[in-house]
Amino acid sequence: MDVRQKHINNIQKRLAYLKSRVEIAGSLNLTDIHIYAEDFYQTLFNHLGNSYKNGNAENQNCPYIDLIDETNKHAMQVTSRDDNKKITETIIGFFENSEHPEYKDYSLKVLLISKRAKDYSTDFTFHGKYKFNHKKDVIDIERLIAIIKDNGREKIIEISKFLDNEIYLPRPKTESNEVETIMSLLEYLSDDKNYKEFDGNYNCDPEQKINSRFKDYANDFNEEFTDLFTIYCNTIPEVKKAFGLDGVRAKKISYFLNYISNRYLKEANGNAFDALDKLTDYFEAKLSSNGIHADIGAIRYYLMDELIGCNIFSIKVE
Amino acid sequence: MLLSKDENIKTSSVYVASIILKMFRKTRLKKLTIFEVAEELKKYDIVHYRQVIFGLSFLYSTGVVDFKEPYIYIIK
């Protein structure tokens, strides 16, 4: 029940945010977002078991129609207008399309992406001539959420994750940037998706690693670490405490960091500094894709700290 | 391996388990509620649910305690 509620809340939050953005953009005559919205809702409805294609992209000459599902015989107009005139035009334009007489059998839907469906009194069927029931076929965001809610738990989770990737919510900043950066890094690193199974242990000898194995880079490393230490030394213990870092998460982080750092070290032909740069870029990109303005110095310091802690560039014990 | 080199010993499962056992010894009771345990752990700054679960799991896996909601029973 908790999982279902969590994901439904997420779906509500993200769709409501998108609806407001479309509404505000529309009032300013900024219509770019409407074009992206067509593709977005096409994919969303396809997650719900449809096979919509973009009517315009397919060049099917379908005026008044944005999405066509030939498999299930559905058509959809994605619009920010909720007036009778727009709906009437859509119905007549679609069912009277002389190039596609087969559309007469289709079920037509009108998706309102920024307004709420009205309690229409117009006879959209024109005395039974067209198949259109506005109570069912005009879908606003509230109704869309109800449709999603009617699905099983797995489907709801799938849609919630799809929305996570598609719609970034503005995030309130609650922590200083470096704390947020490292906190997000820890969250990313200990995520189950990143878990790398490893049967064994890594050699832990920071002295040997820095001053002997990577002796060519030891001076540069020490200098940079000393500079960063003065700025970030209190951040990591503070974040680890707030994060509740336990043994299981620590191991997950350790295995993942060793796996990814050794991959970059190999790609950089053993140049530890190049590999560390690439690793910094990798994590910055990951955090940015989650909508976080990462503090690069904090990432760098965290990685250097983990290098000393033998979670980066360590060799497996055979 | 009971401890990871990267975790704080004072929030590790073994340490949390030792506090719970001390609690049984101090109170001389055979059963404690999960709420009493959580309240006691708070005094040691152990507030994250995962730390509590790992501590209890450690005691359960070594056969020292058993559970019957909402009680934790000592069986040895």
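Contact here means heavy atoms within 4.5 Å. Keep that in mind on this tour of a predicted model.

**Stop 1: one residue in chain A.** Select A:Phe283. Leaving aside residues up to four places away in sequence, A:Phe283 touches A:Leu185, A:Tyr188, A:Leu189, A:Phe256, A:Leu257, A:Ile260, A:Ile299 and A:Leu303.

**Stop 2: the core around that residue.** Now widen the selection. The largest nonpolar core has 45 residues. A:Leu189, A:Leu257, A:Phe283, A:Tyr302, A:Leu303 and A:Phe313 touch the most other members. Colour the helices of chain A next. Those giving two or more residues to this core include helix 7 (177–189), helix 11 (247–267) and helix 13 (296–308). Which helix gives the largest share? Helix 12 of chain A does, with eight residues.

**Stop 3: where the chains meet.** Show chain B. Eleven of its residues are in contact with 18 residues of chain A. The area buried between the two chains is about 1100 Å². Carbon and sulfur atoms give 49% of that area. Select B:Lys5, B:Asp6 and B:Arg50. Together they supply 41% of the area that chain B buries against chain A, more than any other three residues.

**Stop 4: charges across the interface.** How many salt bridges does the rule find between chain B and chain A? Two. Zoom in on B:Arg50 and A:Asp246: their side chains meet in a salt bridge, 2.6 Å from N to O. On the side of chain B that touches chain A, two residues are nonpolar, four polar and five charged. Seven residue pairs are in polar contact between the chains, both partners at pLDDT 80 or more.

Note on methods: Residues are numbered from 1 along each chain as its sequence is written. Chains are lettered from A and ligands numbered from 1 in the order in which they are written. This is a predicted model: local features need pLDDT of at least 70, side-chain atom pairs count only at pLDDT 80 or more; totals for chains, interfaces and linings use all residues. Side-chain values use heavy atoms; hydrogens and water are left out. Buried area is the accessible area (1.4 Å probe) that two parts lose on being put together, summed over both. A salt bridge is a side-chain nitrogen of Lys or Arg within 4 Å of a carboxyl oxygen of Asp or Glu. A polar contact is a pair of N or O atoms within 3.5 Å; within protein, one must be able to donate a hydrogen and the other to accept it, and residues adjacent in sequence count only if both atoms are side-chain atoms. Ala, Val, Leu, Ile, Met, Phe, Trp, Tyr, Cys and Pro count as nonpolar, Asp, Glu, Lys and Arg as charged, and the others, Gly among them, as polar. A nonpolar core is a set of buried Ala, Val, Leu, Ile, Met, Phe, Trp, Tyr and Cys residues joined through side-chain atoms within 4.5 Å. Buried means under 20% relative accessible area, exposed over 50%, partly exposed in between (1.4 Å probe, protein chains only). Helices (H or I, at least four residues) and strands (E, at least two) are DSSP runs, numbered from the N terminus.
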